[in-house]
Amino acid sequence: MQRNLQKIVVVGLGYIGLPTASMLATKGHQVLGVDINPKTVATINQGNIHIVEPDLDILVRSAVGSGKLKASLQAEEADTFILAVPTPFRHTEVNPKTPDLSYIEAATRTIAPFIKPGNLVILESTSPVGTTELIQDIIAGLRPDLFNLEPRTSNREPVFIAHCPERVLPGHIIRELVDNDRIIGGVDNASAEKAKVLYQTFCNGSIYLTDARTAEMAKLTENSFRDVNIAFANELSMVCDKLNINVWNLIELANKHPRVNILQPGPGVGGHCIAVDPWFIVAAAPEEAKLIRCAREVNDSKPEWVLEKVKNVAVRFKNPVIGCLGLAFKANIDDLRESPALEITRDLMASGIGCVMACEPNVNGSFQEFPLHELDEVLREADILLVLVDHDEFKGIAFESLKEKIVLDIRGIWR
Ligand code: SAJ
């Protein structure tokens with residue numbers, strides 16, 4: 001294992017870049033993490049973290065403490081450069097869900113002056129098909145000296161470029177970083193092979209090699225597969241509601257079939273991945289990607305449906321207290337990005353149909369948008385209890401204690 005230790009620059013120290021950088025550092029590589037946020041850089045250099053993820057604090061403390069991980073606002077020369085920056089979408093008139101590659105382009109420009117022949121550049125960010133080739137074009141434009149090689153007269157090495165999409169599940173990032181299989185797509189075979197050698201230094205899963213475009217599409221496909229399957233569950237929940245059938249029982253029964261495995265309905269799909277990535281496929285092939293688009297629309301429509309359910313029961317009260325349980329985008333995390341629970345709670349507050357009390361046990365004083373309440377207080381005061389996230393704290397509530405209230409259990413805690 002001690003062979004192939006490298007100097008590595010990781011650009012972007014968020015949910016993917018920071019765990020990857022600190023994992024590489026604890027395996028003996030010399031890692032420089034680069035971020036545009038001075039606060040993030042300072043926090044990491046003190047051995048602390050700026051995001052919540054189980055066990056990441058231990059990993060970062062150990063990586064920084066050993067001197068193998070440093071953070072900086074500036075890139076520098078290295079053997080390998082890993083790009084782990086966000087790929088959101090931006091709203092244009094032609095397409096409100098256009099992939100925004102500006103972070104990737106900026107990160108590429110940041111490293112370009114430091115690339116030497118023989119270096120490896122890896123894109124980890126989930127990206128539209130063709131982005132790895134775009135990175136190659138940007139580097140070639142900025143550094144023609146690296147690419148205009150005369151093979152017969154030069155014995156210099158080329159620059160190697162590959163895509164290795166991240167696949168880790170928030171809440172389980174450290175374990176999945178080590179255990180998950182990886183797909184690596186190179187702009188050529190040599191690039192993919194070179195990247196594989198690096199990932200083998202910390203990844204216990206199998207590593208499968210392909211071309212860059214297939215690797216990009218594989219990642220988008222994985223998240224779209226999940227989105228389509230969650231949309232099926234969400235659609236079933238709305239159909240069952242209309243037909244007065246308990247959707248949780250229905251799914252449990254249908255899943256007894258050996259080839260059926262339906263996911264769970266909820267208030268919609270949140271997070272920065274599944275609610276975003278399928279749109280990259282739709283943007284690239286709008287005529288063909290009908291099912292993928294429809295699934296996105298079904299999942300995006302679910303918060304509105306939940307809101308209507310609350311309004312329908314609220315009319316039974318004069319000025320009801322509506323207790324919203326959970327704001328995070330899924331259970332047992334603090335992440336509020338694209339969270340349907342937060343969207344619903346905000347919309348309820350704006351609707352003025354009652355007094356809204358929100359409870360989110362995983363978020364502390366850093367949340368300033370509206371007051372948060374203790375669970376006991378919400379359970380005591382609420383006329384209508386709206387369960388938006390299946391946090392462990394809520395699963396412990398005895399259903400019998402709620403019989404005076406109207407309970408809208410959107411996550412099926414009490415089935
Ligand atoms: N959800 C449901 N019902 C379900 C499962 C999920 O409503 O049965 C909802 C969740 O509540 C949440 C959303 O879907 O709002 C997404 O949660 P998730 O746990 O399915 O996925 P993420 O976004 O946390 O992480 C996904 C993972 N992708 C897949 O499982 C295919 C992860 O492996 C990726 O690395 C990550 O996206 C990413 O970064 O792309």
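**Ligand shell and domains**

Student: Which backbone N or O atom lies 2.9 Å from an oxygen atom of the ligand?
Tutor: One that belongs to Gly-270. Keep in mind that this is a predicted model.

Student: What about Arg-226, how far is its side chain from an oxygen atom of the ligand?
Tutor: An N or O atom in the Arg-226 side chain sits 2.4 Å from a ligand oxygen.

Student: How much of the ligand does the protein bury?
Tutor: 88% of the 770 Å² that the ligand exposes when taken alone.

Student: Which residues come nearest to the ligand?
Tutor: Glu-166, Lys-219, Arg-226, Gln-264 and Phe-329. They belong to a set of 21 residues around the ligand.

Student: How does that shell split by class?
Tutor: Nine residues are nonpolar, eight are charged and four are polar.

Student: Which helix gives the most to the shell?
Tutor: Helix H9, residues 212-243. Five shell residues come from helix H9.

Student: New topic. How is the protein divided?
Tutor: Into domain 1, covering 2-220, and domain 2, covering 240-409.

Student: Which of these domains does the ligand shell draw on?
Tutor: Domain 1 and domain 2 each supply at least three shell residues.

Student: What separates the centres of domain 1 and domain 2?
Tutor: 34 Å, with the centres taken over C-alpha atoms.

Definitions and conventions: Residues numbered from 1 in each chain as written. Predicted model: local features only at pLDDT ≥ 70, side-chain atom pairs only at ≥ 80, totals over all residues. Heavy atoms only, no water. Near = heavy atom within 4 Å. Polar contact = N/O pair within 3.5 Å; in protein donor to acceptor, adjacent residues only side chain to side chain. Areas by Shrake-Rupley, 256 points an atom, 1.4 Å probe, with all protein chains shown as cover. Helix = DSSP H or I, 4+ residues; strand = E, 2+ residues; numbered from the N terminus. Nonpolar A, V, L, I, M, F, W, Y, C, P; charged D, E, K, R; others polar. Domains from an automatic or database assignment.
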